[in-house]
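Please look through the sequence and the model shown here before reading the report that follows.

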Amino acid sequence: MSTNIVKMEGVSKCFRIQHKRSERYATLRDVVAEKVNRAIRYRKLSANRATTEDFWALENVSFEVDRGEIIGIIGKNGAGKSTLLKILSRITEPTAGRLELSGRVGSLLEVGTGFHPELTGRENIFLNGAIMGMTRAEIKRRFDEIVAFAEVERFLDTPIKRYSSGMYVRLGFAVAAHLECEILLVDEVLAVGDTEFQKKCFGKIEEVVGGGRTVFLVSHQLQNIARLCTRAIVLNSGKLVFDGQPSAAISSYLEVTRAEQTHLLFNRPSAGSQDEEIVRLEMLDELCKPKTKVFTFDFIRFRFFVNCARSETRRSLVLELRDNAGVPVLVVETNPEEFGSLKSRGLHAVECCIEQLSLLPGQYSVSVGLAIYGVRLTCLLSDIAQFEVLAPHNFHQSSINKGAVALKHCWLRSRLELEEPIASDIGVNGDQILSRASEGD
Amino acid sequence: MKLIVEPGRRAKNYWHDLWQYRELMYFLAWRDITVRYKQTVIGIAWAVLRPGLTMLAFLGFRRLAGLPPGQIPDAILVSAAVLPWQFFSTALTDTAGSVIGNSHLISKVYFPRLIVPCSAIASALVDFLITLCLLIILMLAYGLVPRWQMVGLPLFLILAVGLSLGLGLLFAALNVEYRDVRYIVPFCVQFGMFLSPIAFSSSEIPDKWRLLYSLNPMVAVIDGFRWSVSGGATSLDLITVSPAVLITVILILIGITYFRRVERSFADVI
């Protein structure tokens with residue numbers, strides 16, 4: 001007897017997109033002329049008028065889910081996540097393939113489905129519950145719990161058009177969270193509400209999840225997926241590209257979405273065999289956007305993704321930059337007493353921000369490592385990436401730098417008068433006048 | 001209990017689902033009725049006021065047209081026609097727009113979509129039952145005692161429900177793809193009102209046109225209502241009733257078939 005509760009085989013979904021013949025009408029005259037033309041030569045022109053295109057939102061998706069699993073679904077916008085949920089909840093039918101469900105499906109795809117603004121909170125609880133598939137008896141049974149969760153006791157008999165958006169959301173979530181069903185679909189509902197409520201929602205979801213229900217969770221917040229899910233699948237352009245451990249799925253997803261950008265210095269999805277490892281290293285600018293070109297004195301962030309299988313209170317991260325002669329120009333390590341982000345298990349993202357990169361133009365290599373502070377290195381990745389520092393546009397104008405580092409300096413014309421009289425042994429060349437150079441070199 | 005979802009495969013689970021979701025139909029109808037009369041001063045009295053005023057209008061028309069009064073008071077005859085007509089026009093209009101009107105539900109939640117038009121008819125039925133009180137009051141006022149023919153009243157009501165359901169389903173399904181239907185329905189209803197024997201009696205139609213005239217199923221419904229209420233005083237012929245029943249059954253079958261066929265693409269098209 002299989003414990004399969006959901007089984008998808010080769011499911012595909014196709015949408016027909018209409019394309020109107022794209023023509024820019026500059027003037028009303030053109031519009032009228034075009035319409036007259038069309039009317040006269042209708043048959044001839046109608047062949048070119050509109051084309052349809054088949055858009056496959058899902059292509060050949062197959063997976064099997066057992067009772068009690070919590071599946072995270074991740075993917076870019078437009079990858080097919082919502083379509084997958086719609087098919088699972090039977091709102092829409094697959095174009096091809098087969099879906100087997102062995103339990104009642106409840107969905108949290110949108111909060112407050114079916115709420116009518118004119119009806120009171122009490123009436124809407126019944127309406128919403130009925131729409132989501134509960135019978136009147138079930139709703140009556142859960143009524144008090146729902147009201148307590150939503151914290152709207154005082155306003156039960158007010159029309160919900162008077163509710164604040166927070167109350168509205170709480171009520172909607174409260175009803176949906178008390179659905180009695182074996183399969184639950186959750187789509188980004190957790191993104192709304194204040195932090196208090198989000199924590200409450202999380203608690204409820206965790207409770208639900210502990211109760212043996214099978215949950216499908218779609219979220220862009222990867223830390224939620226890593227925390228809550230036992231399994232994750234990655235969708236890309238409608239295809240299932242990964243199905244497995246949440247942390248590995250997240251790495252795979254990040255790789256797939258951003259591999260083409262040059263700011264990615266290093267990426268190796270976790271093999272899962274070590275206690276801790278660095279899976280990814282990126283270079284970003286001050287706005288956390290990918291940095292493709294680095295200039296001297298730029299603001300630069302190095303972002304590390306670290307996967308820890310165990311917790312360790314003295315864990316530290318090491319970053320080393322070396323120039324092309326192998327001379328270390330930057331050797332830094334985090335201090336676990338002050339910086340404790342790496343202590344716990346799981347996937348962490350840590351950044352090293354350098355406000356003004358004081359490196360001269362040239363090639364540099366990056367080495368990273370993890371250590372137990374003051375004891376030993378646990379993971380060392382030497383020279384895993386190279387990057388080039390370029391000269392900003394005004395760099396060589398008035399000052400040639402032949403040293404080891406770039407320090408911000410400027411040349412100025414100074415005064416001849418001194419604050420205090422000094423011994424007159426300056427000499428003939430004492431009054432050296434130095435030309436004023438441009439600042440910022 | 002395994003459920004298999006495949007393109008094209010539907011029939012078995014659907015009717016079972018429909019039964020499971022029957023409470024939803026009740027809730028949607030309740031929602032429509034509650035919302036309709038919330039924040040109104042007159043409230044539910046509107047349900048009686050509308051047909052009441054229509055009846056007065058037709059009564060006036062009948063008098064003005066100089067049509068001879070029969071043994072049954074005109075007021076009764078006209079109400080007996082106005083009531084089913086109001087039900088039909090409300091039911092048809094509401095049902096035709098029900099799918100579009102509930103598009104926010106259809107695109108977000110699963111339930112057998114047939115529930116939506118059925119709930120629209122249910123809410124129109126509730127209104128009808130309220131206005132039935134008006135008719136009963138009138139009958140009491142005129143001292144008209146109901147005879148055995150009153151049994152026919154629910155039967156003809158069922159005929160009217162069937163007609164609105166069949167046509168309503170067809171229009172509702174068409175409306176999703178072709179929004180023109182929204183304009184066609186009120187036009188049909190208005191046109192039908194003049195065609196139907198509300199201000200006059202169907203016995204005034206010359207015999208050779210009777211069959212053609214009876215192709216409008218509401219003729220049978222109205223005649224039937226009049227016959228039931230007046231205790232057989234007005235005539236009711238088979239030539240009127242049989243085409244009506246036949247047409248209604250055909251319309252129901254067409255309506256349900258088309259609706260079910262198009263239903264699966266509702267969430268995508270709506």
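## Confidence in the model

Among the elements of chain B, helix α3(B) (residues 46-64) has the lowest mean pLDDT, 77, whereas helix α7(B) (residues 152-177) has the highest, 92; pLDDT is the predictor's confidence in each residue, from 0 to 100. Helices (H or I, at least four residues) and strands (E, at least two) are DSSP runs, numbered from the N terminus. For chain B the mean pLDDT is 85, and 95% of its residues reach 70 or more, while the complex receives from the predictor an ipTM of 0.82 and a pTM of 0.67.

This is a predicted model, in which local features need pLDDT of at least 70 and side-chain atom pairs count only at pLDDT 80 or more, while totals for chains, interfaces and linings use all residues. Residues are numbered from 1 along each chain as its sequence is written, and chains are lettered from A and ligands numbered from 1 in the order in which they are written.

## Where the chains meet

The contact between the chains takes 29 residues from chain A and 22 residues from chain B, where two residues are in contact if their C-beta atoms, placed from the backbone, lie within 7 Å. On the side of chain B that touches chain A, β1 (3-5), α2 (22-37) and α12 (266-269) each supply at least two residues, and α2(B) gives the most, with six residues.

Strand β4 (residues 96-101) of chain A is joined to β1(B) by three bridges, and the two run antiparallel; strands pair if DSSP finds at least two bridges between them. Within this pairing, L99(A) stands opposite V5(B).

## An enclosed strand in chain A

Strand β7(A) (residues 214-218) has five of its five residues buried, so it is largely enclosed by the rest of the structure. A residue is buried if 20 or more other C-beta atoms lie within 10 Å of its own, exposed if 12 or fewer, and partly exposed in between, with C-beta atoms placed from the backbone. Both faces are covered, with T214(A), F216(A) and V218(A) buried on one side and V215(A) and L217(A) on the other.

Four bridges join β7(A) to strand β3 (residues 70-75) of chain A, in parallel, and I73(A) has V218(A) as its bridge partner. Strand β6 (residues 183-187) of chain A also runs parallel to β7(A), through five bridges, and here I183(A) is partnered by T214(A).
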